[in-house]
Amino acid sequence: MAELAADSRSADSPPPPMPDDVLLEILLRLPPDPIYLFRASSVSKHWRGLVHDARFLRRCREFHGGTPPVLGFFNLTRPPLFVPTSGSFAVSAATMHHGDWWPLHCHRGRALLISRRSRALLVRDLVTGDERRLPLPPGFEGSWEDNCGTLCSAGHADNCHCRSCPFLVAFVFSHRCFVTSACLYSSETGIWGDTTSIYTPNQLVTRKPTVLVGNMLYCQLDNNWIIEFDFDAYSLDVIGELSYRELNSCIGHIIMPAEDGQLGLAGVGDFSLYLWSNIAFIEDGMMVTWQHRRVIDLKKFLAPEVVAECAAPVWPIGYAQDADVIFIEVYPSGVYMIHLKSMHIEKVSENMTCGGYVCPYTSFYAPGMNTGGGDHQPELLNGS
């Protein structure tokens, strides 16, 4: 009887805990979408400690190739302001109105927006809810157009650590007298640097997508010329023109980094996506031309019925630099993401056209974040 009682107690007792090394290997293989690690961290205090460990997070990012998932995009011209591309991530729509805010740039888990009313700047982490408000730079008053870019000043390739490291904001703006200016804000000092300016005759900077290549920020002027802001030299320079002849009569185009680490370009014509890289040469001064790098036949990746019902040219509308994903609009079907490394294509909006450009948002899991839906979702621009 005593032996039977002992066997009964043994059968009712819980199994021994899983060894940490085995558990970490399982957690490592969860999808990179932030919600999965967030839910794992809620299982117990012990699991939370494992998930929050910096070494594990580094391994997790390396396991997924260092490529953060695209969680959504800011729509520059039509509501809603933020469109999630992941079913497990969303932000509150309570204060997300085009009449209040204009998205400027997203980079390494941070979004940069400008208030349409107060003209103040906001740097926001959509995953953690952390935000920092910035004053506008001196000399901005009276400008007609502006554009911006952000980057991690510490130069981390590790996206998670970028949340705690200092950052820079580059602000580029044009005045009605066709003078384009730029300056840098440092989160370490909390002040704007000196303003550098250049005369751009009959040209103003536009709010088309910007590109960060190293310590260079590239913006487009409204006549298809490109302006370069060199952070190290603290100088502005007009580097060249986007020639329609060189673009092979593409309907639309966006600038983006090229595979060779230079400034690149994407355009669509006849259902083909063309990727270029710039080449600089000296001939009566510095000029820039473009060289074909890749041509992608979109008919091979889009469904035949989507191609058949397409009522307007396919248009490239954005590029997620951290994830190497390009966004295209196929009217009237909607918006698609193309993962350029795997050539996986997915639809991310149903029967919604953007009518302009988008700012894609990417991010890995961040310890302490509040996400996953319901009453505890982070509110974008809360209190603004």
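How do the residues of the lining of the largest cavity divide into nonpolar, polar and charged? They divide into 13 nonpolar, 6 polar and 1 charged, where Ala, Val, Leu, Ile, Met, Phe, Trp, Tyr, Cys and Pro count as nonpolar, Asp, Glu, Lys and Arg as charged, and the others, Gly among them, as polar.

## The model as a whole

This is a predicted model, in which local features need pLDDT of at least 70 and side-chain atom pairs count only at pLDDT 80 or more, while totals for chains, interfaces and linings use all residues. Residues are numbered from 1 along each chain as its sequence is written, and side-chain values use heavy atoms, with hydrogens and water left out.

The protein has 6 helices and 24 strands; helices (H or I, at least four residues) and strands (E, at least two) are DSSP runs, numbered from the N terminus. Of its 384 residues, 53% count as buried, a word that here means under 20% relative accessible area, with exposed meaning over 50% and partly exposed in between (1.4 Å probe, protein chains only). Among contacts between residues at least 6 apart in sequence, 52% join residues at least 24 apart, a contact being heavy atoms within 4.5 Å.

## Cavities

Rolling a probe the size of a water molecule over the atoms shows where empty space is left. On a 1 Å grid over the protein atoms alone, a cavity is a set of points where a 1.4 Å probe fits but cannot get out, and a pocket is an open set with protein on both sides within 12 Å along at least five of seven lines; lining residues have an atom within 4 Å of a point. Grid points are joined across faces, edges and corners, and a volume is the space filled by probe spheres set on the points. By this rule there are 3 cavities of 30 Å³ or more. The largest cavity has a volume of about 220 Å³ and is lined by 20 residues, of which H105, C106, Y319, Q321 and P360 lie nearest its centre. Two or more residues of that lining come from each of strand 3 (101-107), strand 16 (252-257), strand 20 and strand 24 (358-362), and strand 24 gives the largest share, 5 residues.

The second largest cavity has a volume of about 50 Å³, and P31, P32, L37, L57, C60, R61, F364 and Y365 line it. Helix 5 gives the most to this lining, with 3 residues, and by class the lining has 7 nonpolar, no polar and 1 charged residues.

## The second largest pocket

About 280 Å³ of space lies in the second largest pocket. Its lining is made of 14 residues, of which T67, P68, P69, V70 and H339 lie nearest its centre, and the lining residues divide into 7 nonpolar, 4 polar and 3 charged.

Helix 3 (residues 34-41) is mostly covered, with 6 of its 8 residues buried. The buried residues are P34, I35, L37, F38, A40 and S41, and what covers them includes helix 2 (20-28), helix 4 (45-52), helix 5 (54-63) and strand 1 (70-75). One of these buried residues, L37, is also among the residues that line the second largest cavity.

Strand 16 and strand 17 run antiparallel and are joined by 6 bridges; two strands pair if DSSP finds at least two bridges between them. The bridge partner of P257 in strand 17 is L263, and in the hairpin of the two strands, which has 5 residues between them, G261 takes a positive phi near 80°.

Strand 17 (residues 263-269) is mostly covered, with 7 of its 7 residues buried. In a regular strand the side chains alternate between the two faces of the sheet. From strand 17, L263, L265, G267 and G269 point one way and G264, A266 and V268 the other way, and all are buried.

G240 is found in strand 15 (residues 235-241). Because its relative accessibility is 7%, G240 counts as buried, and the C-alpha atoms of G240 and N278, 38 residues apart along the chain, are separated by 9.6 Å.

## The sheet of strands 20 to 23

An open sheet of 4 strands has the order 20-21-22-23, with antiparallel pairing. Its edge strands are strand 20 (315-320) and strand 23 (344-350), each of which pairs on one side only. Within the sheet, strand 21 (residues 325-330) and strand 22 (residues 334-339) pair in the antiparallel sense over 6 bridges, and the bridge partner of I328 in strand 22 is Y336.
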